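Welcome! Here is a friendly briefing for anyone meeting this structure for the first time. Take a look at the view below, and then we will walk through it topic by topic.

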Amino acid sequence: MIVSIAPWISFTSCLDDKPKTPTTEQQQKYQQNSVVIPEFNGNSAFEFCKKQVDFGPRVPNTKEHDACKAWLLETLTNFADTVITQNTIQTVYNKKWNLTNIVAQFNPHAENRVMLCAHWDSRPRSDEDSMKANFDKGIPGANDGASGVGVLLELARLLHSQKPDIGVDLVLFDGEDIGYSTDGDNFCIGSKYFAKNLPVPKPRYAILLDLVGDKEAQFLVEQTSMQSAFAVVDKVWALGKLYGKGEFVLQQGGAITDDHIPLIEAGIPTIDIIDMELVGNRSSNPRRRYWHTQYDTMENISPVTLSSVGTVLTHLLFNNPIVI
Ligand SMILES: [Zn+2]
C-alpha cells in the first residue's frame, strides 16, 4: 500500500480529536450479551504469521509463493465450509504475474455476510531499504502481509468450532504489493480483479487488515474508510477501546491506497485497519521504520497486538455485526 496524505475535509465533524471512552450503555451492550464469544488466541495468530514468513518472501511467480499458497489452501480447507480460489494472470511492467485470490467461506448460504480480508503476497523489492543491494530482494513481509493473514487464519480456526449467525467470507488477496512506490495504479492487482469478478455474493460490508501486528501498533482512522463505512469504523473503534490495549486510536489519519479501494469502488462499504504511520517510514521511533525493507521481520510482531485485532473482530462477528 502507499499513502496519499489528503486533508481531512468532509468528516472532521464526525470525529473529535480526543479518543472517546465508550458509554456505559455501549459497555453493557457489548459485555452483558448472552452470546458466548470464543477466545481469540494471539499466540496462535503469531504462529500462523511466522509460518508464512518461514516460507521466505511470498513474491508471485516464485516457489516460496507456491509453497505458501499450498499451505494456505490446506489450512483453510481444514477450517472453512467452502474454499474458492480465483486465479488470474495479470501483466504489470511487461511481466506476467500468476496471481491467486483465496476465499474461505463460513455459513456460505447465509444472506447477511461480512467479509474480512488481507493480502498474502510479499513485495518483490525492498525499495525503502537503506542498502541499495537489497532493492531487488523480496521483503520478509511479517507485518506487511503475514500479520493480517495470521489474524484471519486464527479467526478461521475459531469459526470452525463455533459459527456466528451471519455468513463470513475471509479473503486473501494476491498481488497487492507489486507497484513501484510512486505508481499507485499498479498496487492492489489481485483485489482489483476480485472486485471486478466477484466470486461470492456482496457482503454487507468488508474490513481489510494490513500492517496489524507491530508491537507498538497505532490504528488511526483511515480517511476513505470513514467516508465509506462510518458505522463500521464507529463499532470497530468502540470495540477496540474495550478489548484492545490502546492500539485503536479514534483520531483522523490520512488516506491510504490499499485493497479496500477496489472493494469500495465495487459498491462494498469497506474499512482498512492499518498502522498507517509505518507507511512511508515516517515514525519517530527508529524501530518502526522497516516498511518495504529487509527488516519487516517477526521481531517487530507481537501476539498481544494480533490478539487485540482478532478479539475486536471476534466480538464484532458474534455480537450484532450488521451495522450497515
Ligand atoms: Zn507493502
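Let us begin with helix 4: its 20 residues should span 28 Å at 1.5 Å a residue, and the end C-alpha atoms are 27 Å apart, which agrees. Keep in mind as you read that this is a predicted model.

**Helix 4 and the overall picture**

- Helix 4 is mostly covered, with 17 of its 20 residues buried.
- The protein chain contains nine helices and ten strands.
- Of the 324 residues in the protein chain, 58% are buried.
- Among contacts in the protein chain with a separation of 6 or more, 80% are between residues 24 or more positions apart.

- Helix 3 runs over residues 63-79, which makes 17 residues. From its first C-alpha to its last it reaches 25 Å, close to the 24 Å expected at 1.5 Å a residue.
- Which residues of helix 3 are buried? They are His65, Cys68, Trp71, Leu72, Thr75, Leu76 and Phe79.

**The zinc site**

- What coordinates the zinc ion? Asp144 (OD), Asp177 (OD) and His292 (NE2) do, at 2.0 to 2.2 Å.
- Along the chain, the donors of the zinc ion follow the spacing D-x32-D-x114-H.
- Asp177 sits in the loop between strand 5 (167-173) and helix 5 (189-196), while His292 sits in the loop between strand 10 (270-274) and helix 9 (303-318), so this pair ties together parts that are 115 residues apart in sequence.
- Asp177 and His292 are buried.

**Aromatic pairs**

- How many aromatic pairs does the structure hold? There are seven.
- In one of these pairs, the rings of Phe55 and Trp71 have their centres 6.0 Å apart and their planes at 50°, so the pair is tilted.
- Phe55 belongs to the loop between helix 2 and helix 3, and Trp71 belongs to helix 3, so the pair ties together parts that are 16 residues apart in sequence.
- Phe55 is partly exposed, with a relative accessible area of 23%, whereas Trp71 is buried, with a relative accessible area of 14%.
- Another aromatic pair, Trp237 and Phe248, is edge-to-face, with 5.4 Å centre to centre and 85° between the planes.
- Trp237 lies in helix 7 (residues 230-243) and Phe248 in strand 8 (residues 248-252), so this pair ties together parts that are eleven residues apart in sequence.
- Trp237 is buried, and Phe248 is buried too.
- Ring pairs also join Phe48, Phe55, Trp71 and Phe79 into a cluster.

**A charge over a ring**

- Where does Lys95 lie? Lys95 is over the face of Trp97, at 4.4 Å from the ring centre.

Terms used
Residues are numbered from 1 along each chain as its sequence is written. This is a predicted model: local features need pLDDT of at least 70, side-chain atom pairs count only at pLDDT 80 or more; totals for chains, interfaces and linings use all residues. Side-chain values use heavy atoms; hydrogens and water are left out. Donors are N, O and S atoms within 2.8 Å of the metal (3.2 Å for Na, K and Ca); water is not among the atoms, so sites may look incomplete. Helices (H or I, at least four residues) and strands (E, at least two) are DSSP runs, numbered from the N terminus. Buried means under 20% relative accessible area, exposed over 50%, partly exposed in between (1.4 Å probe, protein chains only). The expected span of a helix is 1.5 Å times one less than its number of residues. Rings of Phe, Tyr and Trp (its six-membered ring) pair if their centres lie within 6.5 Å; planes under 30 degrees apart count as stacked, over 60 as edge-to-face and the rest as tilted. A charge sits over a ring if NZ of Lys or CZ of Arg is within 6 Å of the ring centre and within 35 degrees of the ring normal. Contact means heavy atoms within 4.5 Å.
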